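Have a go at each task before you read its solution.

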Amino acid sequence: MSDTAARPPAKPLLAALLAGQRVDPPPIWLMRQAGRYLPEYRATRAKAGDFLSLCYTPELAAEVTLQPIRRFGFDAAILFADILLVPQALGADLWFETGEGPRLSTVTTPADLARLKPAEAIHEHLAPVYETVRILSRELPRETTLIGFAGAPWTVASYMVAGRGTPDQGPAHRLKAEDRPTFDALIDRLTEATVVYLSAQIAAGAEAVKLFDSWAGSLKGEDFDRYALVPARRIVSALKERHPGVPVIAFPRGAGERYAGFARASGADCVALDTAVDPAWAAREVQKDGCVQGNLDPRLMVEGGAALEAETRRILEAFSGGPHIFNLGHGITPDADPDNVARLVDIVREWGATRR
Ligand code: CP3
(Lines give C-alpha, C1' and ligand atoms only; values in the text may rest on other atoms or scores of the structure.)
Protein backbone atom coordinates (compact mmCIF):
# COMPACT_ATOMS: atom_id res chain seq x y z
CA MET A 1 0.00 0.00 0.00
CA SER A 2 2.89 2.38 0.64
CA ASP A 3 4.28 2.38 -2.92
CA THR A 4 3.09 5.87 -3.77
CA ALA A 5 4.13 7.33 -7.10
CA ALA A 6 7.54 9.03 -7.16
CA ARG A 7 5.82 12.31 -7.93
CA PRO A 8 3.03 13.39 -5.61
CA PRO A 9 -0.43 13.32 -7.23
CA ALA A 10 -1.67 16.61 -8.74
CA LYS A 11 -4.53 16.71 -6.24
CA PRO A 12 -3.51 14.51 -3.30
CA LEU A 13 -6.90 14.54 -1.62
CA LEU A 14 -8.81 13.62 -4.76
CA ALA A 15 -6.35 10.78 -5.40
CA ALA A 16 -7.00 9.36 -1.94
CA LEU A 17 -10.73 9.49 -2.57
CA LEU A 18 -10.87 8.38 -6.17
CA ALA A 19 -8.54 5.49 -6.31
CA GLY A 20 -8.71 4.66 -2.64
CA GLN A 21 -4.99 5.34 -2.95
CA ARG A 22 -2.61 5.60 0.00
CA VAL A 23 -1.10 9.09 -0.21
CA ASP A 24 1.85 10.26 1.93
CA PRO A 25 1.67 12.60 3.69
CA PRO A 26 -2.06 11.99 4.12
CA PRO A 27 -4.06 14.91 2.73
CA ILE A 28 -5.49 17.17 5.44
CA TRP A 29 -8.41 19.57 5.86
CA LEU A 30 -10.61 20.40 8.87
CA MET A 31 -14.37 20.48 9.31
CA ARG A 32 -15.50 24.11 9.80
CA GLN A 33 -12.02 25.27 8.77
CA ALA A 34 -13.58 28.58 7.72
CA GLY A 35 -14.99 29.96 10.95
CA ARG A 36 -14.92 32.24 13.93
CA TYR A 37 -11.52 31.06 15.28
CA LEU A 38 -9.96 33.01 12.38
CA PRO A 39 -9.76 36.81 12.72
CA GLU A 40 -10.02 37.23 8.94
CA TYR A 41 -13.31 35.23 8.98
CA ARG A 42 -14.71 37.48 11.71
CA ALA A 43 -13.79 40.55 9.65
CA THR A 44 -15.49 39.24 6.48
CA ARG A 45 -18.54 38.13 8.45
CA ALA A 46 -18.81 41.62 9.95
CA LYS A 47 -18.68 43.04 6.45
CA ALA A 48 -21.50 40.70 5.35
CA GLY A 49 -23.58 41.75 8.37
CA ASP A 50 -24.83 38.32 9.42
CA PHE A 51 -24.17 34.65 8.81
CA LEU A 52 -26.89 34.04 6.20
CA SER A 53 -25.88 37.13 4.18
CA LEU A 54 -22.36 35.72 4.18
CA CYS A 55 -23.68 32.40 2.82
CA TYR A 56 -25.68 34.15 0.05
CA THR A 57 -23.01 36.65 -1.09
CA PRO A 58 -20.85 34.60 -3.48
CA GLU A 59 -17.77 36.86 -3.42
CA LEU A 60 -17.69 36.89 0.40
CA ALA A 61 -18.54 33.19 0.79
CA ALA A 62 -15.71 32.40 -1.65
CA GLU A 63 -13.38 34.70 0.28
CA VAL A 64 -13.95 32.93 3.62
CA THR A 65 -13.59 29.53 1.91
CA LEU A 66 -10.17 30.63 0.62
CA GLN A 67 -8.91 32.12 3.90
CA PRO A 68 -7.89 28.84 5.60
CA ILE A 69 -6.33 27.62 2.33
CA ARG A 70 -4.10 30.70 2.18
CA ARG A 71 -3.21 30.51 5.86
CA PHE A 72 -2.62 26.76 6.28
CA GLY A 73 -2.32 25.26 2.76
CA PHE A 74 -4.97 22.60 3.36
CA ASP A 75 -5.45 19.97 0.64
CA ALA A 76 -9.18 20.66 0.38
CA ALA A 77 -11.48 23.65 0.51
CA ILE A 78 -15.06 23.06 1.60
CA LEU A 79 -17.70 25.30 0.11
CA PHE A 80 -18.86 27.88 2.65
CA ALA A 81 -22.61 27.45 3.15
CA ASP A 82 -24.84 25.67 5.67
CA ILE A 83 -26.89 22.48 5.74
CA LEU A 84 -29.99 24.53 6.63
CA LEU A 85 -30.05 26.45 3.34
CA VAL A 86 -31.92 23.50 1.79
CA PRO A 87 -34.95 23.72 4.13
CA GLN A 88 -34.99 27.46 3.43
CA ALA A 89 -34.94 26.78 -0.32
CA LEU A 90 -37.87 24.39 0.19
CA GLY A 91 -39.82 27.26 1.74
CA ALA A 92 -39.10 27.08 5.49
CA ASP A 93 -38.27 30.28 7.36
CA LEU A 94 -34.70 30.27 8.70
CA TRP A 95 -32.88 32.67 10.97
CA PHE A 96 -29.99 32.55 13.45
CA GLU A 97 -30.44 33.72 17.04
CA THR A 98 -27.19 35.29 18.17
CA GLY A 99 -25.39 33.03 20.62
CA GLU A 100 -28.07 30.35 20.35
CA GLY A 101 -28.03 28.90 16.85
CA PRO A 102 -30.53 28.22 14.09
CA ARG A 103 -34.31 28.65 14.23
CA LEU A 104 -36.75 27.42 11.57
CA SER A 105 -40.50 27.34 10.98
CA THR A 106 -41.54 23.78 11.81
CA VAL A 107 -42.80 20.94 9.61
CA THR A 108 -44.89 18.52 11.67
CA THR A 109 -48.19 18.02 9.81
CA PRO A 110 -49.33 16.93 6.33
CA ALA A 111 -50.39 20.56 5.73
CA ASP A 112 -46.87 21.84 6.57
CA LEU A 113 -45.43 19.29 4.21
CA ALA A 114 -47.84 20.27 1.42
CA ARG A 115 -46.58 23.85 1.66
CA LEU A 116 -42.98 22.82 0.93
CA LYS A 117 -41.77 23.32 -2.62
CA PRO A 118 -40.85 20.39 -4.85
CA ALA A 119 -37.19 19.38 -4.77
CA GLU A 120 -36.47 20.74 -8.28
CA ALA A 121 -37.65 24.20 -7.20
CA ILE A 122 -34.67 24.79 -4.85
CA HIS A 123 -32.29 26.07 -7.53
CA GLU A 124 -33.58 29.61 -7.75
CA HIS A 125 -32.98 30.20 -4.04
CA LEU A 126 -29.63 28.39 -4.06
CA ALA A 127 -28.20 30.02 -7.21
CA PRO A 128 -25.78 32.16 -5.12
CA VAL A 129 -24.30 28.97 -3.62
CA TYR A 130 -23.64 27.57 -7.11
CA GLU A 131 -22.02 30.89 -8.03
CA THR A 132 -19.71 30.55 -4.97
CA VAL A 133 -18.67 27.12 -6.27
CA ARG A 134 -17.92 28.57 -9.71
CA ILE A 135 -15.77 31.34 -8.23
CA LEU A 136 -13.89 28.82 -6.11
CA SER A 137 -13.22 26.46 -8.98
CA ARG A 138 -11.54 29.37 -10.78
CA GLU A 139 -9.62 30.75 -7.80
CA LEU A 140 -8.42 27.75 -5.81
CA PRO A 141 -4.83 26.56 -6.20
CA ARG A 142 -4.63 23.66 -8.68
CA GLU A 143 -3.58 21.15 -6.02
CA THR A 144 -6.55 21.93 -3.74
CA THR A 145 -9.68 19.77 -4.02
CA LEU A 146 -13.03 21.56 -3.87
CA ILE A 147 -15.57 19.75 -1.69
CA GLY A 148 -19.29 20.50 -1.89
CA PHE A 149 -21.70 19.31 0.81
CA ALA A 150 -25.23 18.91 2.07
CA GLY A 151 -26.85 17.75 5.28
CA ALA A 152 -28.22 14.21 5.24
CA PRO A 153 -32.03 13.88 5.29
CA TRP A 154 -32.33 12.67 8.92
CA THR A 155 -30.15 15.47 10.33
CA VAL A 156 -31.87 18.18 8.27
CA ALA A 157 -35.32 16.74 9.14
CA SER A 158 -34.41 16.86 12.85
CA TYR A 159 -33.99 20.66 12.57
CA MET A 160 -37.11 21.09 10.43
CA VAL A 161 -39.36 19.14 12.79
CA ALA A 162 -38.06 20.80 15.98
CA GLY A 163 -37.50 24.25 14.48
CA ARG A 164 -34.06 24.29 16.12
CA GLY A 165 -31.16 22.10 17.21
CA THR A 166 -31.99 19.55 19.91
CA PRO A 167 -29.70 17.41 22.08
CA ASP A 168 -31.55 14.15 21.35
CA GLN A 169 -33.65 14.90 18.22
CA GLY A 170 -36.69 14.16 20.41
CA PRO A 171 -39.28 15.95 18.24
CA ALA A 172 -38.17 14.11 15.09
CA HIS A 173 -38.23 10.76 16.91
CA ARG A 174 -41.74 11.58 18.14
CA LEU A 175 -43.05 12.49 14.68
CA LYS A 176 -41.52 9.27 13.35
CA ALA A 177 -43.40 7.30 16.02
CA GLU A 178 -46.70 9.18 15.79
CA ASP A 179 -47.10 9.99 12.09
CA ARG A 180 -44.73 7.87 10.09
CA PRO A 181 -46.23 8.66 6.66
CA THR A 182 -45.60 12.39 7.16
CA PHE A 183 -42.12 11.77 8.54
CA ASP A 184 -41.25 9.41 5.67
CA ALA A 185 -42.57 11.92 3.12
CA LEU A 186 -40.31 14.60 4.64
CA ILE A 187 -37.30 12.27 4.45
CA ASP A 188 -38.16 11.49 0.81
CA ARG A 189 -38.48 15.16 -0.11
CA LEU A 190 -35.12 15.89 1.53
CA THR A 191 -33.49 12.93 -0.20
CA GLU A 192 -34.63 14.25 -3.60
CA ALA A 193 -33.61 17.82 -2.77
CA THR A 194 -30.16 16.63 -1.63
CA VAL A 195 -29.60 14.84 -4.94
CA VAL A 196 -30.51 17.85 -7.07
CA TYR A 197 -28.56 20.22 -4.79
CA LEU A 198 -25.34 18.17 -4.78
CA SER A 199 -25.73 17.52 -8.48
CA ALA A 200 -25.87 21.27 -9.16
CA GLN A 201 -22.78 21.84 -6.97
CA ILE A 202 -20.92 19.22 -9.02
CA ALA A 203 -22.07 20.82 -12.28
CA ALA A 204 -20.72 24.15 -10.95
CA GLY A 205 -17.30 22.64 -10.16
CA ALA A 206 -17.34 20.67 -6.89
CA GLU A 207 -14.86 17.80 -7.27
CA ALA A 208 -16.14 15.69 -4.37
CA VAL A 209 -19.15 15.98 -2.07
CA LYS A 210 -19.74 15.24 1.59
CA LEU A 211 -22.98 14.23 3.27
CA PHE A 212 -23.19 15.42 6.91
CA ASP A 213 -25.39 13.17 9.05
CA SER A 214 -24.43 14.86 12.31
CA TRP A 215 -27.23 13.22 14.31
CA ALA A 216 -27.07 9.68 12.86
CA GLY A 217 -26.00 8.49 16.32
CA SER A 218 -29.50 8.81 17.75
CA LEU A 219 -30.89 6.32 15.20
CA LYS A 220 -30.80 2.78 16.54
CA GLY A 221 -31.27 -0.65 14.94
CA GLU A 222 -33.73 -0.70 12.07
CA ASP A 223 -34.14 3.10 12.26
CA PHE A 224 -30.46 3.51 11.46
CA ASP A 225 -30.89 1.43 8.30
CA ARG A 226 -34.08 3.16 7.28
CA TYR A 227 -33.15 6.80 7.95
CA ALA A 228 -29.34 6.96 7.81
CA LEU A 229 -28.21 4.16 5.52
CA VAL A 230 -31.04 3.98 2.94
CA PRO A 231 -31.14 7.75 2.22
CA ALA A 232 -27.33 7.80 1.94
CA ARG A 233 -27.48 4.87 -0.49
CA ARG A 234 -30.19 6.53 -2.58
CA ILE A 235 -28.26 9.80 -2.72
CA VAL A 236 -24.94 8.13 -3.57
CA SER A 237 -26.43 5.96 -6.30
CA ALA A 238 -28.34 8.86 -7.91
CA LEU A 239 -25.15 10.97 -7.89
CA LYS A 240 -23.03 8.14 -9.30
CA GLU A 241 -25.52 7.75 -12.13
CA ARG A 242 -25.39 11.44 -13.00
CA HIS A 243 -21.73 12.09 -12.22
CA PRO A 244 -19.75 8.87 -12.40
CA GLY A 245 -16.32 9.35 -10.89
CA VAL A 246 -17.21 12.11 -8.43
CA PRO A 247 -16.40 10.74 -4.97
CA VAL A 248 -18.76 10.95 -2.02
CA ILE A 249 -17.69 11.20 1.64
CA ALA A 250 -20.32 10.05 4.14
CA PHE A 251 -20.29 11.26 7.75
CA PRO A 252 -22.75 9.22 9.84
CA ARG A 253 -21.57 10.85 13.07
CA GLY A 254 -22.08 8.72 16.16
CA ALA A 255 -22.70 5.55 14.12
CA GLY A 256 -20.44 3.53 16.48
CA GLU A 257 -20.29 -0.11 15.39
CA ARG A 258 -22.46 0.75 12.40
CA TYR A 259 -19.45 2.46 10.84
CA ALA A 260 -18.32 -1.07 9.92
CA GLY A 261 -19.72 -1.84 6.47
CA PHE A 262 -21.24 1.63 5.99
CA ALA A 263 -19.09 2.46 2.95
CA ARG A 264 -19.99 -0.78 1.18
CA ALA A 265 -23.67 -0.59 2.05
CA SER A 266 -24.07 3.08 1.08
CA GLY A 267 -21.69 3.12 -1.89
CA ALA A 268 -19.73 6.03 -0.38
CA ASP A 269 -16.05 6.29 -1.35
CA CYS A 270 -14.93 7.41 2.10
CA VAL A 271 -16.40 7.53 5.59
CA ALA A 272 -15.62 10.31 8.05
CA LEU A 273 -15.07 9.08 11.61
CA ASP A 274 -16.09 10.99 14.72
CA THR A 275 -13.97 11.34 17.87
CA ALA A 276 -15.68 8.44 19.66
CA VAL A 277 -14.23 5.93 17.19
CA ASP A 278 -11.03 4.10 18.18
CA PRO A 279 -8.59 4.46 15.25
CA ALA A 280 -7.14 0.96 15.77
CA TRP A 281 -10.65 -0.55 15.56
CA ALA A 282 -11.54 1.57 12.51
CA ALA A 283 -8.32 0.60 10.72
CA ARG A 284 -9.41 -3.05 10.98
CA GLU A 285 -13.16 -2.73 10.51
CA VAL A 286 -13.72 0.35 8.33
CA GLN A 287 -10.53 1.17 6.42
CA LYS A 288 -10.46 -2.36 4.99
CA ASP A 289 -13.28 -1.21 2.66
CA GLY A 290 -11.56 2.02 1.52
CA CYS A 291 -10.63 5.52 2.49
CA VAL A 292 -11.34 6.85 5.99
CA GLN A 293 -11.27 10.44 7.18
CA GLY A 294 -10.64 11.68 10.71
CA ASN A 295 -10.59 11.79 13.62
CA LEU A 296 -8.65 14.10 15.97
CA ASP A 297 -10.57 15.59 18.89
CA PRO A 298 -11.29 19.30 18.12
CA ARG A 299 -10.47 20.06 21.78
CA LEU A 300 -6.79 19.63 20.87
CA MET A 301 -7.08 22.66 18.56
CA VAL A 302 -7.82 24.63 21.73
CA GLU A 303 -5.42 22.93 24.14
CA GLY A 304 -2.43 22.18 21.90
CA GLY A 305 0.64 21.03 23.83
CA ALA A 306 2.20 17.58 23.95
CA ALA A 307 -1.20 15.86 23.67
CA LEU A 308 -1.76 17.40 20.23
CA GLU A 309 1.41 15.82 18.86
CA ALA A 310 0.89 12.47 20.59
CA GLU A 311 -2.73 12.08 19.48
CA THR A 312 -2.00 13.19 15.91
CA ARG A 313 0.78 10.63 15.62
CA ARG A 314 -1.38 7.90 17.12
CA ILE A 315 -4.03 8.51 14.44
CA LEU A 316 -1.46 8.76 11.63
CA GLU A 317 0.14 5.44 12.68
CA ALA A 318 -3.18 3.65 13.14
CA PHE A 319 -4.32 4.53 9.60
CA SER A 320 -0.89 4.23 7.93
CA GLY A 321 -1.74 0.92 6.23
CA GLY A 322 -4.36 2.34 3.84
CA PRO A 323 -6.04 5.38 2.37
CA HIS A 324 -6.53 8.14 4.96
CA ILE A 325 -7.53 11.79 4.92
CA PHE A 326 -6.55 13.59 8.11
CA ASN A 327 -9.32 15.65 9.74
CA LEU A 328 -10.94 16.33 13.07
CA GLY A 329 -13.74 14.12 14.42
CA HIS A 330 -16.09 17.12 14.38
CA GLY A 331 -15.98 20.83 13.53
CA ILE A 332 -13.28 23.12 14.88
CA THR A 333 -14.65 25.38 17.63
CA PRO A 334 -14.56 29.22 17.83
CA ASP A 335 -12.10 29.09 20.77
CA ALA A 336 -9.48 27.13 18.76
CA ASP A 337 -6.00 28.65 18.48
CA PRO A 338 -4.89 29.11 14.83
CA ASP A 339 -1.29 28.38 15.95
CA ASN A 340 -2.39 24.88 16.98
CA VAL A 341 -3.90 24.36 13.53
CA ALA A 342 -0.62 25.42 11.89
CA ARG A 343 1.24 23.01 14.18
CA LEU A 344 -1.12 20.17 13.30
CA VAL A 345 -0.46 20.67 9.58
CA ASP A 346 3.31 20.65 10.27
CA ILE A 347 3.11 17.47 12.34
CA VAL A 348 1.13 15.64 9.63
CA ARG A 349 3.41 16.77 6.79
CA GLU A 350 6.63 16.09 8.73
CA TRP A 351 5.41 12.63 9.68
CA GLY A 352 4.52 12.00 6.03
CA ALA A 353 7.90 13.19 4.77
CA THR A 354 9.66 10.40 6.69
CA ARG A 355 7.58 7.79 4.82
CA ARG A 356 8.22 8.77 1.22
O1 CP3 B 1 -16.96 23.10 7.26
C2 CP3 B 1 -16.97 24.26 6.76
O3 CP3 B 1 -16.11 25.12 7.01
C4 CP3 B 1 -18.04 24.59 5.72
C5 CP3 B 1 -19.15 25.32 6.16
C6 CP3 B 1 -20.16 24.68 7.09
C7 CP3 B 1 -20.88 25.45 8.04
N8 CP3 B 1 -21.82 24.62 8.59
C9 CP3 B 1 -20.66 26.86 8.34
C10 CP3 B 1 -21.20 27.42 9.59
C11 CP3 B 1 -20.64 23.37 7.14
C12 CP3 B 1 -20.18 22.13 6.38
C13 CP3 B 1 -21.71 23.36 8.08
C14 CP3 B 1 -22.51 22.17 8.38
C15 CP3 B 1 -23.53 22.23 9.44
N16 CP3 B 1 -24.33 23.27 9.78
C17 CP3 B 1 -23.90 21.13 10.21
C18 CP3 B 1 -23.33 19.73 10.07
C19 CP3 B 1 -21.96 19.60 10.62
C20 CP3 B 1 -21.86 19.67 12.10
O21 CP3 B 1 -21.19 20.60 12.57
O22 CP3 B 1 -22.43 18.79 12.78
C23 CP3 B 1 -24.92 21.54 11.09
C24 CP3 B 1 -25.60 20.69 12.14
C25 CP3 B 1 -25.20 22.90 10.79
C26 CP3 B 1 -26.26 23.77 11.40
C27 CP3 B 1 -25.67 24.94 12.07
N28 CP3 B 1 -25.08 26.00 11.42
C29 CP3 B 1 -25.61 25.20 13.46
C30 CP3 B 1 -26.12 24.27 14.53
C31 CP3 B 1 -24.97 26.44 13.60
C32 CP3 B 1 -24.79 27.21 14.87
C33 CP3 B 1 -23.65 26.70 15.67
C34 CP3 B 1 -22.60 27.74 15.83
O35 CP3 B 1 -21.43 27.37 15.79
O36 CP3 B 1 -22.95 28.92 16.02
C37 CP3 B 1 -24.60 26.90 12.31
C38 CP3 B 1 -23.88 28.14 12.01
C39 CP3 B 1 -22.61 28.00 11.22
N40 CP3 B 1 -22.47 27.26 10.10
C41 CP3 B 1 -21.40 28.70 11.47
C42 CP3 B 1 -20.52 28.35 10.44
C43 CP3 B 1 -19.12 28.86 10.22
C44 CP3 B 1 -21.17 29.70 12.58
C45 CP3 B 1 -21.87 30.95 12.13
C46 CP3 B 1 -21.22 32.24 12.56
O47 CP3 B 1 -20.32 32.74 11.85
O48 CP3 B 1 -21.70 32.77 13.57
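**Exercise 1.** Find how far an oxygen atom of the ligand is from an N or O atom in the side chain of S214.

Solution. Keep in mind that you're looking at a predicted model. Start at the side chain of S214: one of its N or O atoms is 2.6 Å from a ligand oxygen. Next, check that against the cut-off for a polar contact, which is 3.5 Å. The pair at 2.6 Å is within 3.5 Å, so it counts as a polar contact.

Now move on to R45, where a side-chain N or O atom is 2.6 Å from an oxygen of the ligand. Then try D82: here the ligand atom is a nitrogen, and a polar side-chain atom of D82 lies 2.7 Å from it. As for cover, the protein hides 87% of the 870 Å² of accessible area that the ligand has on its own.

**Exercise 2.** Work out how many residues surround the ligand, and where the ligand sits.

Solution. First, count the shell: 21 residues surround the ligand, and the closest are R36, Y41, R45, D82 and S214. Second, sort that shell by class, which gives 14 nonpolar, three polar and four charged residues. Third, look at the location: the ligand sits in the largest pocket.

**Exercise 3.** How many disulfides does the structure hold?

Solution. The count is zero. Take C291 as a test case: its nearest cysteine sulfur belongs to C270 and is 3.8 Å away.

**Exercise 4.** Are C55 and C291 buried or exposed?

Solution. The cut-off for buried is under 20% relative accessible area. C55 has 0%, so C55 is buried. C291 comes in at 2%, so C291 counts as buried too.

Technical notes
Residues are numbered from 1 along each chain as its sequence is written. This is a predicted model: local features need pLDDT of at least 70, side-chain atom pairs count only at pLDDT 80 or more; totals for chains, interfaces and linings use all residues. Side-chain values use heavy atoms; hydrogens and water are left out. A residue is near a molecule or strand if one of its heavy atoms lies within 4 Å of it. A polar contact is a pair of N or O atoms within 3.5 Å; within protein, one must be able to donate a hydrogen and the other to accept it, and residues adjacent in sequence count only if both atoms are side-chain atoms. Accessible areas come from the Shrake-Rupley method with a 1.4 Å probe; for residues, only the protein chains shown count as cover. On a 1 Å grid over the protein atoms alone, a cavity is a set of points where a 1.4 Å probe fits but cannot get out, and a pocket is an open set with protein on both sides within 12 Å along at least five of seven lines; lining residues have an atom within 4 Å of a point. A molecule sits in a cavity or pocket if more than half of its atoms lie within 2 Å of its grid points. Ala, Val, Leu, Ile, Met, Phe, Trp, Tyr, Cys and Pro count as nonpolar, Asp, Glu, Lys and Arg as charged, and the others, Gly among them, as polar. A disulfide is a pair of cysteine sulfur atoms within 2.5 Å. Buried means under 20% relative accessible area, exposed over 50%, partly exposed in between (1.4 Å probe, protein chains only).
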